[in-house]
Amino acid sequence: MMKKICLLSSVLTALALSACTVAADISNPVFTENDLKDNVVRNVQNPTGQLAVKVTYTAEKKVSVFLKSQNCAFRNIWQDTLPVAAEPKTVTFYVTYQAPELDATDFAFKSSGKFQIIDLEANAVKRDGKSYIPAATLPFSWKKVSPRHTAIKKQIPKMEKGYVLLLGDSLTDNWGRKARFDYMKQNFKVCNGGICGDRHEEVNWRVNDMAEDLKANPPAVVTFMLGTNNLSMKHHPQDIADAMEQQILRIKTLCPEAKIILFAIPPRGMPHRVLPIPLPGTVNPLYRELAKKYDLPFFDFSALLLDPQTGAIRTDLYENDKLHFSDKGYAEVITPFFAGAIRLVTSPNLPKDYFKAVMEWEDYLTERRNAAISNLSLEDLLCAEANLNYIPHHLMNVFKQLEADPNATPALPGEMVRQNKEEGLPLHLRKYFK
């Protein structure tokens, strides 16, 4: 019974969160440069938990911008960086945080060089369901000019024709730093373009900085597994999805022949930060809609990382921080799923509208699950939930099929079940696939 209650609770929560919408409504300023004392605005009161900040400044070195919580031992709950500006420069950025836990915060500027805040205005932001705050307008951090980005940029022109470009954050970056990445290097011409800590903002900057290189030597496949760091910054799910859409459009412009693969934000445990963050499940349905809109493959392997009994992440597949994958996580899930997805999208015998068919199956199974929820039939709910989790298991079997025979015709969902060749699906559930 506990298993059923946990599943019902998680499903209801996911449905409620995925339905949220967002809008921006700027009110009277929360603070201005008149409130800035010694480059700190103290006791900022903002019940909405969102600030639109416009600042004009000069700086001989980078300027760090902090939001500190007074009732969380003055820890930084938000941080970003303003670039060097020899002449007055105006930047608008957005700060999002969980306000109910923060009765007062301090907003501070800090730099190792001389700088001057010429003008400053912060407005409270409210959301009403019509519009959104563009997270991608946040200032870019130092990572954009890091040695890691420079190395990636130099590697692009040297890549052989037909290479794969993996764009992402530390989940992609860490993958390429150890022997765990050997399989990818042995089977594909691959450029690991992940950088630890990157959000959509940094990746957007990096892609633009590499624009000429990508046009001169375009990849055959571009993958995105990105957004978990935007969640850490408490960016709104719609903001993150809109930033992803900009990434997709930019790659389509620079590399029109490249096949784009969109991966879901993986599930994660308790974050490093003090306060709760939005769940990946609030963004992934929006990513999936983007895949439909632009006719892209969307892969969500979340079910493979979760305990089917409790719905919690499998700790053996994660590091102690419950965010980054362990060697086992890369070996059992990430590597085979990415490798399989690449083989699938480049398969010479890929059936027409294959990914559309997969999504139609998912839509059908989601409707079954929602009907089970509305009828409060726990037995039907468990079956519907297991059916939904069937999709990534099915894809893993297709990936094995293509690894053994690259010229095989990828099987559609349900087809292998009817042939009694599907692995990992309980026999009593096969009757649901007719």
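The model is predicted, so local features are described where pLDDT is at least 70, side-chain atom pairs count only at pLDDT 80 or more, and totals for chains, interfaces and linings use all residues. Residues are numbered from 1 along each chain as its sequence is written, and side-chain values use heavy atoms, with hydrogens and water left out.

Let's start with the whole protein. There are 13 helices and 13 strands; these are DSSP runs numbered from the N terminus, with helices being H or I over at least four residues and strands being E over at least two. Of the 434 residues, 53% are buried, where buried means under 20% relative accessible area, exposed means over 50%, and partly exposed lies in between (1.4 Å probe, protein chains only). The protein exposes about 19,800 Å², and carbon and sulfur atoms supply 51% of that area; the areas come from the Shrake-Rupley method with a 1.4 Å probe, and for residues only the protein chains shown count as cover. Among contacts (heavy atoms within 4.5 Å) with a separation of 6 or more, residues 24 or more positions apart account for 79%.

Now find the open sheet of five strands, which runs in the order β10-β9-β11-β12-β13 with parallel pairing. Two strands are taken to pair if DSSP finds at least two bridges between them. At the edges stand β10 (190-194) and β13 (298-299), each with a single partner strand, so one side of each is left without a neighbour in the sheet. Strands of a sheet pair through backbone hydrogen bonds, either parallel or antiparallel.

On one side, β11 and β12 pair in the parallel sense over four bridges, and phenylalanine 224 stands opposite leucine 262 in β12. With β13, β12 pairs in the parallel sense over two bridges, and here the bridge partner of leucine 262 is phenylalanine 298. Helix α8 packs on the sheet, touching β9 (164-168), β11 (221-225) and β12, and its direction makes about 165° with that of β12. Helix α10 (residues 327-345) also packs on the sheet, touching β9, β11, β12 and β13 at about 145° to the direction of β12. Both angles are between N-to-C directions on a scale from 0 to 180 degrees, using lines fitted to C-alpha atoms, for helices over the stretch in contact. β12 is mostly covered, with four of its five residues buried.

Threonine 172 is buried, at 1% relative accessibility. Leaving aside neighbours within four places in sequence, threonine 172 is in contact with Leu166, Leu167, Asn192, Gly194 and Met225. The C-alpha atoms of threonine 172 and phenylalanine 325 are separated by 9.8 Å, although these residues lie 153 residues apart along the chain.

Next come the charged side chains. A salt bridge here is a side-chain nitrogen of Lys or Arg within 4 Å of a carboxyl oxygen of Asp or Glu, and the count comes to 14. One joins lysine 185 to aspartate 182 (3.7 Å, N to O). Both lie in helix α4 (residues 182-187), three residues apart, about one turn of the helix. An α-helix has 3.6 residues a turn, so residues three or four places apart point the same way. Aspartate 182 is partly exposed, with a relative accessible area of 30%.

The salt bridge between arginine 199 and glutamate 202 (2.6 Å, N to O) has a buried setting: arginine 199 is at 5% relative accessibility and glutamate 202 at 1%. Another pair is lysine 293 and glutamate 245, at 2.7 Å from N to O. This pair links distant parts of the chain, with lysine 293 in helix α9 and glutamate 245 in helix α8 (residues 237-254), 48 residues apart. Lysine 293 is exposed at 55%, whereas glutamate 245 is buried at 12%. Elsewhere, Arg314, Asp316, Lys328 and Glu332 are linked in a network of salt bridges.

Helix α9 (residues 284-293) has Asn284, Leu286, Tyr287, Arg288, Leu290 and Ala291 as its buried residues. Just after α9, aspartate 295 takes a positive phi of about 55°.
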